[in-house]
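Subject: Handing over the structure

Hello,

Here is the structure I promised to pass on to you. Please have a look at it first, and then read my notes below.

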Amino acid sequence: MKILVATSEAVPFAKTGGLADVTGALPLVLKEKGHDVRLVLPEYTMTKKWLANNPQFAVKRIDGIDVPIKGISIKCIVQELKYKNITVYLIKNDDYFLRDELYGTRSGDYEDNAERFIFFSRAVLKMLRLKDWSPDVIHLNDWQTSTIPLFLKTVYKDDPFYSSIATILTIHNLGYQGVFNPSELELFSGVDPQEIFTMDRIEFYGKINLLKAGIIYADIVNTVSPTYAQEIQTSECGYGLDGVLKQRSHELYGIINGIDYDVWNPETDKEIPYHYNLDCLENKELNKLNLINYFHLETKKAAAMSLQPLPDEQIPLIGLVGRLAAQKGLDILAEIFESLLSMDIRLILLGSGEEKYHSLLQKIARKYRGKISVNFGYNEELAHRIYASADMFLMPSHYEPCGLGQLISLRYGTVPIIRKTGGLSDTIEEFDPLSGDGNGFTFTEYSGKSLLQAIKRACYIYQHKPDWQRCVVSGMKQDYSWSNSAIEYVKLYRKAVDKVRKFKG
Ligand code: ADP
Ligand code: GLC
């Protein structure tokens, strides 16, 4: 099949979260399975930096194209490179994309986000004509690329170059929908605003909703876990789109994400000092001691706070890597900081996001120096070191479409402590010391109390080494590589293609 993956971020070119992991890894696996897969994303400042540091990936300028937007034409340049086994297109327009962040700063989103990503989506379609490459399917991701099927089914519907392209939309996170003022309707050049600004199209409580465009116009919709596919059809998790999603429930699928087993591999990971696998787990402990030392979290430093200081290796090290957003359960974590840090544990956090969580964590970090290390910003190397070093990994998410942190943790023998929601529910089961079943510690009620109980259960088992070892080993033995899920995606692509063919008769 000819497949174009269109995305606003993809590893290694630009990343703010799990979306980039998915769109960076899935195409490589699809290519290995014999498909002609290509990837397209904007060229950001971050992308330029990566390219400058990796000159072996030569970028070729293809040509400039005129993109119709807000009644005029704005230029961009299509660039191409070979990355591993696939072709990657980078859409270059420095006014829109040469910025420090992808979507906005800590104080808020960029004001022209609707324009930036409607421009990108339209540019993707024009690029296909420039390359004279008409894919069987375009795989869209989140609101940023959701207007592609809208353009296909309006301005391009009678154009033979475009009319047999099928589309599938993956919703990675319904909490981000791309909702804008109706004045932005002028961005849809060539589309009759009255045709699309209706309740059964992209109108959403008087505004326009770009994700809704994808849900309505894409041939097939999926999300990133079976549980989340169900959850988003309820009013609690549907963020106002549950009705629309329910209407499409016969074409709404849930496919669990994988992770890139080459990038996330404790046997070869370049970012970690000591490599390990199931046969030499003692090296995981060396990573732990190394990181504890690096952040000055050794027992002797924290002795003043501990009643009976244990040797460093016996004190559970808990890690958290993630966006600092309400979604990630930071408010229930904040509720229990005092109780948690009065326990014999160490905590290492890495994240960036909303201002209020930054200042909260800063305060805690000052108060409990020696027991907690709080690190702000995006830091790939430190993320790898935390996954490899921590004994436990926290994901107390309020909601979680799939979650990759828990999958990476399993791979690194780091036991996830999670709230039962979305993809976390589908991948993590409470460890039962009697049967030896399970790979983590879980709780259901969204409260600090339940989270603390789960952490306490984990810490209790941690002190019973043989049980703990079983839990670690069963996680490490699981397979969350992309192999299986990629097959599921191919099935969906075929469904979408069949649907378009049938429709065309
Ligand atoms: P989400 O996509 O909602 O942010 P996921 O669990 O799906 O959550 O994926 C998060 C990805 O981003 C993981 O690969 C995680 O390691 C990475 N990540 C998140 N925050 C940071 C950070 N501050 N520094 C480095 N990596 C991060
Ligand atoms: C989103 C979700 C996360 C998911 C990721 C990749 O950002 O929050 O749960 O793993 O996308 O699909």
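Five elements each supply at least two residues of the shell around ligand 1: α1 (18-32), β15 (317-324), β16 (346-353), α14 (380-389) and α15 (405-411). Helices (H or I, at least four residues) and strands (E, at least two) are DSSP runs, numbered from the N terminus. Before you go further: this is a predicted model, where local features need pLDDT of at least 70, side-chain atom pairs count only at pLDDT 80 or more, and totals for chains, interfaces and linings use all residues. Residues are numbered from 1 along each chain as its sequence is written, chains are lettered from A and ligands numbered from 1 in the order in which they are written, and side-chain values use heavy atoms, with hydrogens and water left out.

Back to ligand 1: 22 residues surround it, each with a heavy atom within 4 Å. The biggest contribution, three residues, comes from β15. Both domain 1 (2-258 + 483-504) and domain 2 (282-479) give at least three residues to the shell; their bounds come from an automatic or database domain assignment.

An oxygen atom of ligand 1 lies 2.6 Å from a backbone N or O atom of Gly-18. For Arg-323, a polar side-chain atom is 2.7 Å from an oxygen atom of the ligand, and Lys-328 also has a polar side-chain atom 2.7 Å from a ligand oxygen. These are polar contacts (N or O pairs within 3.5 Å; within protein, one must be able to donate a hydrogen and the other to accept it, and residues adjacent in sequence count only if both atoms are side-chain atoms).

Best wishes
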